[in-house]
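Work through the exercises below with the sequence and the model open. Try each task before reading its solution.

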Amino acid sequence: MATEIEFGAQSDTGCVRENNEDSYRVAPEMSLFVLSDGMGGLESGEVASRITVDTVLEHCREAEANPSLPFAGENIQGICGASNRLASAIRLANEVVYRAAQQGAGQRGMGATVVAVRFADERMSVAHVGDSRIYRLRGGELEQLTQDHSFVAEQVRRGKMTAEEAGSSTMQNVLVRALGIDAAVEVDVSEELVIEGDTILLCSDGLTRELSDAQIAAVLGECANAQEAAGRLVDLAKQAGGGDNVTVIVLRHAAKPVGAFARIGKWFKNSA
Amino acid sequence: MPKLVLKFENSVLKEMAVGSKEVSIGRSPENVLVIDNPAVSHYHARVFNEEGRLMLEDFGSMNGTFVNGQRVKMVTLKPGDSVGIGKHTIVVSESRDLDGFTSGNGGSKPAAPKINETVMLDTKERREFLQKVAAVGESAQVSPARLKIPTLVVRKGRTNQREYSLNDKLTVVGKSSMATVKLKGWFAPKAAAQITRRDDQTYYIGAADKVPSVNGVPIAHPTILKSGDIIAVAGVELEFVFRD
């Protein structure tokens, strides 16, 4: 069935911070959506997140024009070319932020998280580094598709901390993986099937620090369109305190209206 | 470092260094070296380094791979060899200009930009970096000699195979073109269920158009598969096992 991605996005400084260090880019022509949360003093967090999203888009765009463009790093087994290209783009973004951090005097600690998704037919490539997240709402169930590269999340995975302890820990903001910190970075990549009605959420931790999974699921389930859901999520996070920058991209996989004849034709094709 | 020069008749189309990363050759855009010609298979052949030797392997392509006129399956390449794929020729040569990247004194450090300037690598720098990491920044993936291969064995229902090795991170059960476990029949759903591999090598079964059951119990959320689990969905039964 012909499908299209409906998207909405919103970013806000929040109620406490002075700068918005989050960046996002939507490239519907490539079905590519990227979000990054920057860190570091002065304006370096903003610079890091902007470099990240721009580099990811740039690399994917360049690969569209030139499929033999080399990949940064080793290709991962068991995923398709588009997923490996996304990983390559993130490794390249790491290199660019890393160089910027090395070159800009006094900008150590400059870094960024990244979450990115790209759709190709019914396959979605999912890639991330850091503690920004990707969720999927399917059949009313909210599922986190990424695992935070944070100290507390690792402790929980190892069974050394409960989810409740993690939620109140003062170590919540400590990342174990981010872009721009080392010359090389390991990128987590997975692939997901996309079916009609799936809603995908990319968000910075400014959202998930303020809202529970249940609140997020309710907004995604209730809102009529993706942009409304994005705006509503940001508003709720601000009402809950807005302690950090908050950025969301909401994607909805909706079926294109298909005429009765096209549908029958499709049927025959499928059952042949 | 050896270099591959792709030629069509007398014109050079592309040049590519072969580092530790293999160069896959074929018509599919997923290949490193793409030759867009109907005479070329989607995944035609590959060139790779093995213990200092440059190897060429044909993936059982329809029209074959030729080295200096001889059809080959797997051979060692040397500088000057001419590899024929369809009407294209790939000439093997020693590359001088790329050696700078491996010796570490390439000297491509650009002038330090101010932090509040946009610090993007320009196109040339980005290309250099890509060449560098594509050539030297990797180690060959070593897989353990005896690996347990997760497998789905069809116990009941109509599918296109009796058994499936789960090599990919995503496995779809359904009638969709992207499905690995292809369901047959008029009313089979396009995507009945999905199995995803996480980085810790666990396999999760999740719902798609249908909610699968594991050992007779419908799953409420993505569920880890254990050896011996029976998955039932859309009229088929699949046993999940780890094979030697």
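**Exercise 1. Describe the sheet of chain B that has mixed pairing.**

Solution. Start with the strand order. 5 strands of chain B form an open sheet, S4-S3-S5-S6-S9, with mixed pairing. Now find its edges. Strand S4 (33–34) and strand S9 (74–77) of chain B each pair on one side only. Strands here are DSSP runs of E, at least two residues long, numbered from the N terminus. Two strands pair if DSSP finds at least two bridges between them. Next, go inside the sheet. Strand S5 (residues 45–50) and strand S6 (residues 53–58) of chain B run antiparallel, joined by 6 bridges. One partner assignment to check: B:Asn49 has B:Leu54 in S6(B) as its bridge partner.

The model is predicted: local features need pLDDT of at least 70, side-chain atom pairs count only at pLDDT 80 or more, and totals for chains, interfaces and linings use all residues. Residues are numbered from 1 along each chain as its sequence is written, chains are lettered from A and ligands numbered from 1 in the order in which they are written, and side-chain values use heavy atoms, with hydrogens and water left out.

**Exercise 2. Trace the antiparallel open sheet of 6 strands in chain B.**

Solution. Read the order: S2-S1-S11-S10-S7-S8, with antiparallel pairing. The edges are strand S2 (11–17) and strand S8 (70–72) of chain B, each pairing on one side only. Finish at the S8 edge. Strand S7 (residues 65–67) of chain B pairs with S8(B) in the antiparallel sense over 3 bridges. There, B:Val67 stands opposite B:Gln70.

**Exercise 3. Find the aromatic pairs and classify two of them.**

Solution. Rings of Phe, Tyr and Trp (its six-membered ring) pair if their centres lie within 6.5 Å; planes under 30 degrees apart are stacked, over 60 edge-to-face, and the rest tilted. The search over all chains finds 4 aromatic pairs.

- A:Phe33 and A:Phe119 are edge-to-face, at 6.2 Å centre to centre and 75° between the planes. A:Phe33 lies in strand S3 (residues 32–39) of chain A and A:Phe119 in strand S5 (residues 114–120) of chain A, so the pair ties together parts 86 residues apart in sequence. A:Phe33 counts as buried at 1% relative accessibility. A:Phe119 also counts as buried, at 9%.
- B:Tyr203 and B:Phe240 are tilted, at 5.8 Å centre to centre and 50° between the planes. B:Tyr203 and B:Phe240 are buried.

Buried means under 20% relative accessible area, exposed over 50%, partly exposed in between (1.4 Å probe, protein chains only).

**Exercise 4. Which ring does the charged end of A:Arg85 sit over?**

Solution. Apply the test: NZ of Lys or CZ of Arg within 6 Å of the ring centre and within 35 degrees of the ring normal. The ring is that of A:Phe71, with its centre 3.8 Å away. Chain B has a case too: B:Arg198 lies over the face of B:Tyr204, at 3.7 Å from the ring centre.

**Exercise 5. Where in chain B does pLDDT stay under 50 over residues?**

Solution. pLDDT is the predictor's confidence in each residue, from 0 to 100. Chain B averages 79, and 79% of the residues score at least 70. Residues 96–121 of chain B stay under 50, with 38 contacts (heavy atoms within 4.5 Å) beyond four places in sequence. Residues 135–146 of chain B also stay under 50, with 16 such contacts. Where pLDDT is low, the predicted coordinates should not be read in detail. The model scores ipTM 0.77 and pTM 0.69.

Conventions
Helices (H or I, at least four residues) and strands (E, at least two) are DSSP runs, numbered from the N terminus.
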